[in-house]
Every structure is written in C-alpha cells, then in structure tokens.
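Biologist: I have a model open and would like to learn how to read it. Can we go through it step by step?

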Amino acid sequence: MTHPLGPGLPAARGHGSLPKIPMASSPTESSEPTRPTIETIALEAGVSISTVSRALRNHPLVSQETGRRIQEIARRLEYTPNPYVSALMSHLRTARPIPYQANIAIVDTLAGENDWKKFTVQQRFHDGAAERAKQLGYKLERFWAGGPETNRKNLTRIFLNRGIRGVLIPPLRDYSASGRDIPLENEELALVTVGCKLVDPAFHFATNDQYATGLLAHDSLLDLGYKRVGMAIPDYVECIVEQRFSAGFRNALERRGSPSPRQAVLRYDSVRGKKQFLQWVESFKPDAVCSTFPVVKEWLEEAGIKVPGQVAVALLDRDSTHPGWSGVDQGSELVGAAAVDLLVQVLQRNELSVPKNPFGLTIEGKWVDGATAPGKTKR
C-alpha cells in the first residue's frame, strides 16, 4: 500500500498512526556532526519551539525583531528543514482544518463605502478571496479608503496596530493603471492587486487574462457563424486593463482575416457613449458586438435594431446576473482566490514593501453560449 506522501514511506495503519521518520545519528554512531534542529534554535534563542516554527515561516504572530533574530540564529547554525518532516507536516496540514493564522485586508477606493456591492465583479472577487482565505486559516476584512479621515498614514497605522500585514487592492477609483494612488504606505505591508495589473509602482497581481478574453470572444463569435464582429468598450475599462481586451481582439481579427481590423474596435466615453456607439454601428455594420456591459443591447434596441436578429451581442464579463447572455465568464471568484494564494506566499516569505520583480497569476475565462448570440452555423 503506497503512502499518500509518496513512494518510500510506509502507509499509516490505524487512526492517528504516523510513518516512522529517520532520525539523525548520534555522534557515537557516526563521525558526522549532529544536524541542528528546531529544538537547537529554540534553546539558543531562549524561546519556545512553536515560536521558532512560526518565525521560520514568517508568521505574523511573531514580531519582526524576534523573527529576524531567530532566522539569523538558524542561518548561523546552518539549519535546514528535515525533508521527511516537512513532507509529513504538509500532509497533516492538508488533512485537517488549518488553524487561524491572521487577518488580511481588502481595500477599495470607490466613491461610496458600499459601492462595491453594486458591481458583481467586485462581489465575486471578494467572495472568492474570503473563501480561499478561510481555507488557508486567514480572515478577510474589508476597508473603505474613501472616507474624509482615511488617509494613507491613518489606514496604514490601523493595519499595523491590528496585526494586518497583507492587503488586497481591487481596481482603483480613478480608473488608472498607475499604482501611485494606493491609499497605503507600502514599506511595511505586502500588497497584491486583484483584477488589475498596476504600474509605477508595480505590485504582485492576480487577474483575468484580458488578452485571452478578447481573443476568445472574437473567435467564439466567428465560430458561431458571424462574419463581421466588433468590440465596443468604455475608455476607462481599457485604461484599467492597459488595452489588453482590445489587443487580444485585434490579434484575433488579424489572425482570422476579419474585415476592417482598425474600425472593428470602438472605445467610447461615459458622456457620449450611446451616440458614439450608434454612429459606429451605422458605419462599421457589425453582425455581432462584444462589450463589457449589457447597456449596448439597450442602445441597439432603442435604435430599432433587433437583438439578436440583426446584431448579436456578447459580454466580455458574463456572470450569473446575466442569465441567457452569451459571453466570456472571467472566473472572478478564481481571481480572488488566486490573489489570496499569492498574498499568503508573499507573507510567508516576509516580502514587504514594493517588490523588485513583481509577478502575477492570470486566470483564463471560458465561453458561455446564450440567446443573445445564437449559433448561425454548426461549429
């Protein structure tokens, strides 16, 4: 019977039975020096074994000063974890509920304290992050940074006083890809952006792969039999994602030989959006349009254009609040969960402040068939 930790370890027998772990030889049995253990470090540091264990994992319950002192002792003693013990403890942690670790925060900068509830994508980010945090032993708290007294210094002090070291940042209120308006002082916190990729400064991030989403939307509509597919997208959305939706869409246009690739993409503003959109429809004459918001369907129908009879419509961010719609489900809950995974990794490595080499996780969406863009031909 093979043990769940892999070949070479005997399977446990009976409830609570553990595999035997090879122990270091004593000096009388071998000429090699005794391998330093966690107990060795605890004795030298004058702390408990559990404190050493936490410090070596950069646990937030251990103060930074104590953590640095213990890690310095471990380096001096040339301590390395026993791979058998590490594998065993990893198995045990996954086989039982993880105890509480610490709180992490999610901060939004929207105009109103509860405005995030108006946006399904924000709710999905939050739900996915909260569930994943719970699975990993963390509790997610939400903070609003839009209050008159909620400045960078105050909010940072609140987090540090409450033992919060990890923070998730959804898209910023000013619809910019710049990270300069993060409402926190970054030097003592680990930050991960969720749903967007910021620059200047850049942080680790988790987001939908908007490039792949734009490409998937075009190809799916083309495969359904539509010949002249267009994209209509608000200008501020393109700013948030650094034009990745349209970049993927244009790549698909050129690769599939679709007509008028330049005219196929419309970026409209929030004031003149309807007028710009209808002028573009009259000029480009699409038989299918993909967009981030369902309002384009309303604009078409108000202009007397039948959907999907004359023009099909698909969403780039389709979810359960749009039953019957065709489009791409971006998997926003998975994005929130991935952001927490990334944040916990950063916390365990004690990597605070702005990262020198930021990296990210991207989640690809999936196409969902619906009544707003029925198939004209068999795929």
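Predicted model: local features only at pLDDT ≥ 70, side-chain atom pairs only at ≥ 80, totals over all residues.

Biologist: What share of contacts join residues at least 24 apart?

Modeller: Take contacts between residues at least 6 apart in sequence. Of these, 69% join residues at least 24 apart.

Biologist: Now the helix pairs. How do I describe one?

Modeller: Two packed helices are described by two values: the angle between their axes and the distance between the axes. Take H5, residues 120-135, and H12, residues 332-348. Their axes come within 7 Å and cross at roughly 45 degrees. An angle between 35 and 65 degrees falls in the oblique class, so H5 is oblique to H12. The crossing of H5 and H12 is right-handed.

Biologist: Which residues of H5 and H12 make the contact?

Modeller: On the H5 side they are Val-121, Arg-124, Phe-125, Gly-128, Ala-129, Arg-132 and Ala-133. H12 brings Ser-332, Glu-333, Val-335, Gly-336, Ala-337, Val-340 and Asp-341. By class, that contact has seven nonpolar, three polar and four charged residues.

Biologist: Let me pick Val-340 from that list. Is Val-340 buried or exposed?

Modeller: Judge that by relative accessible area; under 20% counts as buried. Val-340, in helix H12, has a value of 0%, so Val-340 is buried. Setting aside neighbours within four places in sequence, Val-340 is in contact with Ile-104, Ala-129, Arg-132, Ala-133, Leu-136 and Leu-168. Gly-166 is 174 residues away from Val-340 along the chain, yet their C-alpha atoms are separated by 9.2 Å.

Biologist: Where is Val-47 placed?

Modeller: Val-47 sits in the loop between helix H1 (38-45) and helix H2 (49-56). Its relative accessible area is 24%, so Val-47 is partly exposed. Not counting residues up to four places away in sequence, Val-47 touches Ala-42, Val-52, Arg-69 and Ile-70.

Biologist: At what angle do the axes of H1 and H3 cross?

Modeller: The axes of H1 and H3 (residues 64-76) cross at roughly 125 degrees and come within 10 Å. H1 is therefore oblique to H3. Their crossing is right-handed. Ile-41, Glu-44 and Ala-45 of H1 meet Arg-69, Ile-70, Ile-73, Ala-74 and Arg-76 of H3. That contact has five nonpolar, no polar and three charged residues.

Biologist: One more pair. How far apart are the axes of H7 and H9?

Modeller: The axes of H7 (residues 210-223) and H9 (residues 244-256) are 6 Å apart, and the packing angle is about 40 degrees. H7 and H9 are therefore oblique to each other. H7 passes H9 in a right-handed crossing. The residues of H7 that meet H9 include Tyr-211, Leu-215, His-218 and Leu-222. Among those on H9 are Phe-245, Phe-249, Leu-253 and Arg-256. By class, the contact has eight nonpolar, six polar and five charged residues.

Methods: Residues numbered from 1 in each chain as written. Heavy atoms only, no water. Axes fitted to C-alpha atoms, helices over the stretch in contact; angles between N-to-C directions. Helix = DSSP H or I, 4+ residues; strand = E, 2+ residues; numbered from the N terminus. Parallel < 35°, antiparallel > 145°, perpendicular 65-115°, else oblique. Left-handed = near helix turned anticlockwise from the far one by under 90°. Contact = heavy atoms within 4.5 Å. Nonpolar A, V, L, I, M, F, W, Y, C, P; charged D, E, K, R; others polar. Buried < 20%, exposed > 50% of the residue type's maximum accessible area, 1.4 Å probe, protein only.
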